[in-house]
Amino acid sequence: MKTLLVLGTQWGDEGKGKVVDFFAQKADYVVRYQGGNNAGHTLIYENTPFALHLIPSGILFKNKFCLIGNGVVVDIKSLKEEVEFLKSKKISVTGRLFISQQAHVVLPYHILVDKVSEQGAIKIGTTGRGIGPAYADKAKRIGIRVIDYLEDENFEDLLDNALSDKLALLSASGVNIKKLKSDICRDRKDLVKFLKPFVCDTSLMIDEAIKKNKKILFESAQGSLLDLDTGTYPFVTSSNPVAGGACTGAGIGPDKISSVLGVVKAYTTRVGEGPFVTELFDKTGEYLRQQGAEFGATTGRPRRCGWFDAVVVRHSVRVNGIQNLLLTKLDCMRGIKEIKICTAYKYKGKTYTEFPASRIIEKNAKPVYETMPGFEESISKIKSFADLPKNAKNYILRLEKLAQAPISFLSYGPKRQETIAIKKGVKLL
Ligand code: GDP
Ligand code: IMO
Ligand code: MG
């Protein structure tokens, strides 16, 4: 059995799409296990970048199976648009895209509730895709699953039940509930036709594939600091991007995960609200945003940028059981004279070396930095670790020491081929 789980170690956008596309070369199946179309995973196809939101990042290879697990929340309209977009690029998904019958669907009222909730006391800065409300319905046991959406007998009753729960909130926001319901029922006719051929028991499919010794890649969305349990609550998403989420979200046992690879950006970014101890508000922050083209792949929002936070990444290594790290976007740091790394936090005279749970500490802590010299040389043509400038090598070695996991791979550009193994003997798939 060979499976590999790829996840983000920071606040998302670490480059998971590119990394999954890279490892997909060797995989037979690629499985998304949580999140929804809040994700934006960038791939390069025929020299043009584009973002996938729901479809696993293995889809560019015409012979790979791509599965959307039960832990994902699926906006069927958005999925249909994505399938049509791929078709326009001559990438067919027929016979190789599968969606769990137990995945929950995101419906228009989730999007409305998401917008209204953002006007409440705590603004999260969500992607506005209805993700939180869809997961909330799932937990409240009033959600509609893919299988429920397909079954005519029950659908309207389930819809009424889900809507009645939101009646006060939606009415107060001026939503015409009758029209909302009839629009959902009208759209459903077409969407059921579209959806049906893709639906199956993906957990069973994965199990059968593993028994046939197929190679499986599990693709996380978001990042460990956006995880509902291990992240900067409440400024998180509503699912579990961490490795444990793959068990519940793909319907597999923990014994089916051969190894966990953490994708880590050479600096830190975050989109939306919430604590960010190493955030930069100066020209270095702007430099990183420009060099790294740090604008959201889903919402286009400028990403907040800051120095590498080793407290965050060490936390991620622990909560995910990460055995290897893949460092991305080191190329974007070229030209910075002095690079800072955050090794701990300070709050009210106390030093924190582990990520704190207190929102007060997370918000007010100051970073403890160490400084290293940067590098001026281009790294776009490197073939091995030895080819890197000395200061870049030292930076990598220091990061892995602080993160307490080996940086075994390096990505130095957005293209698939701009990726190398930098540790001997590490074969993940
Ligand atoms: P994801 O959500 O983790 O898949 O990441 P995104 O796709 O949202 O954001 C990562 C961005 O960085 C995308 O535009 C990628 O094309 C780009 N990218 C990924 N790895 C590298 C890298 O090593 N160097 C550079 N310059 N860009 C990269
Ligand atoms: P990928 O997979 C970065 C952030 C939002 C917001 C919070 C909650 O591309 O790394 P949500 O819409 O999920 O309820 O928003 O989570 N967020 C992401 N940030 N990358 C993502 O996905 C994200 N998905 C959600 O900005 O702060
Ligand atoms: Mg992204």
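Phe 22, Phe 23 and Phe 409 form one aromatic cluster, where rings of Phe, Tyr and Trp (its six-membered ring) pair if their centres lie within 6.5 Å. The model is a predicted one, in which local features need pLDDT of at least 70 and side-chain atom pairs count only at pLDDT 80 or more, whereas totals for chains, interfaces and linings use all residues. Residues are numbered from 1 along each chain as its sequence is written, and side-chain values use heavy atoms, without hydrogens and water.

The structure holds nine aromatic pairs. In one of them, the ring centres of Phe 194 and Phe 198 are 5.3 Å apart and the planes stand at 65 degrees, so the pair is edge-to-face (planes over 60 degrees apart; under 30 is stacked and the rest tilted). Phe 194 and Phe 198 are both buried (under 20% relative accessible area, with a 1.4 Å probe and protein chains only).

The largest nonpolar core has 72 residues, of which Leu 330, Met 333 and Tyr 395 touch the most other members. Such a core is a set of buried Ala, Val, Leu, Ile, Met, Phe, Trp, Tyr and Cys residues joined through side-chain atoms within 4.5 Å. Helix α14 (residues 390–403) contributes the most to this core, namely six residues. Because domain 1 (2–100 + 200–256) and domain 3 (265–421) both give residues to this core, it lies between them; the domain bounds come from an automatic or database domain assignment. A second, separate core of 45 residues includes Tyr 45, Ala 103, Cys 185 and Phe 198.

How values were computed: Chains lettered and ligands numbered in written order. Buried < 20%, exposed > 50% of the residue type's maximum accessible area, 1.4 Å probe, protein only. Helix = DSSP H or I, 4+ residues; strand = E, 2+ residues; numbered from the N terminus.
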